[in-house]
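Reader: Please take me through the aromatic rings and charged side chains of this model.

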Amino acid sequence: MGARCSKFSFCWWHSHLKPSLLDSSDLENGGKNEKNALPSFTEFSLDELKIATNGFSPENIVSEHGEKAPNVVYKGLLENGRWVAVKRFNRSAWPDSRQFLDEAKAVGNLRSERLANLIGCCCEGEEKLLVAEFMPNETLAKHLFHWENQPMKWAMRLRVAFYLSQALEYCSSKGRALYHDLNAYRILFDLDGNPRLSCFGLMKNSRDGKSYSTNLAFTPPEYLKTGRVTPESVVYSFGTMLLDLLSGKHIPPSHALDLIRGKNFLMLMDSCLEGHFSNDDGTELVRLATRCLQYEARERPNAKSLVTSLMSLQKETEVPSHVLLGIPHGTATPPQPLLLTPMGEACLRKDLTALHEILEKTGYKDDEGIANELSFQMWTNQMQETLNSKKHGDAAFRAKDFITAIDCYTQFIDGGTMVSPTVFARRCLCYLMSDMPQEALGDAMQAQVVFAEWPTAFYLQAAGLFILGIENDAQEALKEATKLEAKRSKN
């Protein structure tokens with residue numbers, strides 16, 4: 001295939017290998033077959049995204065650096081069964097909510113099968129979140145730098161470079177030529193093993209960080225002077241990505257350029273590729289990287305010319321990406337999240353009114369066999385008083401007079417003649433309603449002491465912990481409650 005090939009020379013690609021469509025217009029809408037598959041941009045509620053991510057569970061984190069990162073990405077499952085990636089910004093980011101929404105909507109209008117497309121956002125109070133397509137097959141960094149079974153094949157490296165150039169050309173054609181911090185963690189692999197560019201880097205940068213998180217050795221020279229990203233800066237970063245693909249390592253451009261100037265470009269090449277590429281192809285890619293890394297921004301190629309240069313280098317175009325990447329096809333579905341009950345969802349949302357309704361509706365049926373077993377005593381005046389205090393507590397609980405209910409339930413508990421996990425659960429909720437989460441947590445734990453495998457006790461612990469901001473422990477309690485509830489419904 002020569003450099004002058006028209007796209008019709010690639011007729012096999014057009015008919016068989018959908019992800020290799022060459023014309024940026026063909027790549028729009030997520031591909032012709034997917035035109036109706038991607039929803040239009042949606043504004044989600046915070047509750048929807050909490051439920052989708054199991055309350056932003058640490059187990060759902062898919063971004064680099066885990067919880068320590070200023071902005072964390074979670075995998076989530078929407079109600080309609082669609083897997084998504086949810087980026088949660090730290091609270092100081094995007095002080096201007098209108099700017100955040102405008103940016104998100106603009107990026108959300110893009111639709112290409114070269115992008116992990118943005119399908120929605122959420123802007124509630126201090127919370128700012130983005131929702132994108134979920135890519136289940138890891139990042140370029142993982143496949144290139146931290147591979148386990150096989151190093152990335154030469155043909156796949158060329159395909160990554162080509163698809164990335166197409167993504168940048170598509171974005172440029174839509175007026176979104178700026179991309180913040182283009183690096184190997186921003187390239188994600190979809191279910192078919194095709195590389196896609198994360199849409200998150202297309203958002204104009206907010207107050208919370210710099211446009212380049214990588215160290216200064218990889219930063220475009222003009223950015224160091226002006227602090228501004230330009231289309232030419234993005235091409236410079238593309239050049240550093242080409243070095244990554246050539247070397248299988250994250251080499252500072254200055255070191256790589258020294259090797260290239262000294263005609264030692266073979267020393268730059270990944271030793272795993274030995275014998276698997278032609279010197280002509282290697283030289284061509286090195287030449288392209290050198291042009292992208294020119295000190296003077298105006299001397300770098302534009303995205304369109306990158307596509308043209310890389311098109312003629314493509315190899316094994318008939319082989320699907322998942323085969324080149326060495327991954328099973330169509331089996332990279334993430335593990336199922338917790339299937340939460342209404343009580344679990346209410347805990348996640350910290351919806352105390354819903355919890356009140358559930359406890360009121362359930363009544364005392366979970367006490368059967370427990371209260372009687374533990375309270376076989378002579379009927380005395382004290383017993384009658386204890387039962388009366390419970391009765392008054394229930395009436396106050398029903399009427400949502402939570403302070404009175406706390407007093408009455410406390411008399412019942414202090415009476416010591418009967419033990420009821422439900423009374424502890426009800427007083428726990430009254431404490432939560434009265435803004436006393438620490439006391440509520442104590443009661444939820446007491447309910448567990450009385451009835452060790454009672455899901456409600458764990459649900460209420462989760463609610464208290466969520467309100468106290470102790471997210472990890474809250475998740476554990478919620479998981480335990482869900483497990484016990486599932487076990488109970490089997491029996």
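Rings and charges

Reader: Is F100 buried or exposed?
Author: The model is predicted. Buried means under 20% relative accessible area. F100 has 0% relative accessibility, so F100 counts as buried.

Reader: How are the rings of W94 and F100 arranged?
Author: A pair of aromatic rings is described by the distance of the centres and the angle of the planes. For W94 and F100 the centres are 5.5 Å apart. Their planes meet at 65°, and planes over 60 degrees apart count as edge-to-face. The pair is therefore edge-to-face.

Reader: What is the angle between the planes of F397 and F402?
Author: F397 and F402 are both buried. Their rings form an aromatic pair, 6.4 Å from centre to centre. The pair is edge-to-face, with an angle between the planes of 80°.

Reader: Which residues form one aromatic cluster with W94?
Author: W94 is buried, at 2% relative accessibility. The cluster that holds W94 also takes in F89 and F100.

Reader: Which residue lies over the face of Y364?
Author: The ring centre of Y364 has a charged side chain at 4.0 Å. The residue over the face of Y364 is K390.

Reader: Why does R186 have no salt bridge, and which side chain of opposite charge is nearest?
Author: R186 lies in the loop between α6 (154-173) and β7 (187-189), and R186 is buried. A salt bridge needs a side-chain nitrogen within 4 Å of a carboxyl oxygen. The nearest side chain of opposite charge is 4.6 Å from R186, so no salt bridge is counted. That nearest side chain belongs to D181.

Definitions and conventions:
Residues are numbered from 1 along each chain as its sequence is written. This is a predicted model: local features need pLDDT of at least 70, side-chain atom pairs count only at pLDDT 80 or more; totals for chains, interfaces and linings use all residues. Side-chain values use heavy atoms; hydrogens and water are left out. Rings of Phe, Tyr and Trp (its six-membered ring) pair if their centres lie within 6.5 Å; planes under 30 degrees apart count as stacked, over 60 as edge-to-face and the rest as tilted. Buried means under 20% relative accessible area, exposed over 50%, partly exposed in between (1.4 Å probe, protein chains only). A charge sits over a ring if NZ of Lys or CZ of Arg is within 6 Å of the ring centre and within 35 degrees of the ring normal. Helices (H or I, at least four residues) and strands (E, at least two) are DSSP runs, numbered from the N terminus. Lys and Arg count as positive and Asp and Glu as negative; His and the chain ends are not counted.
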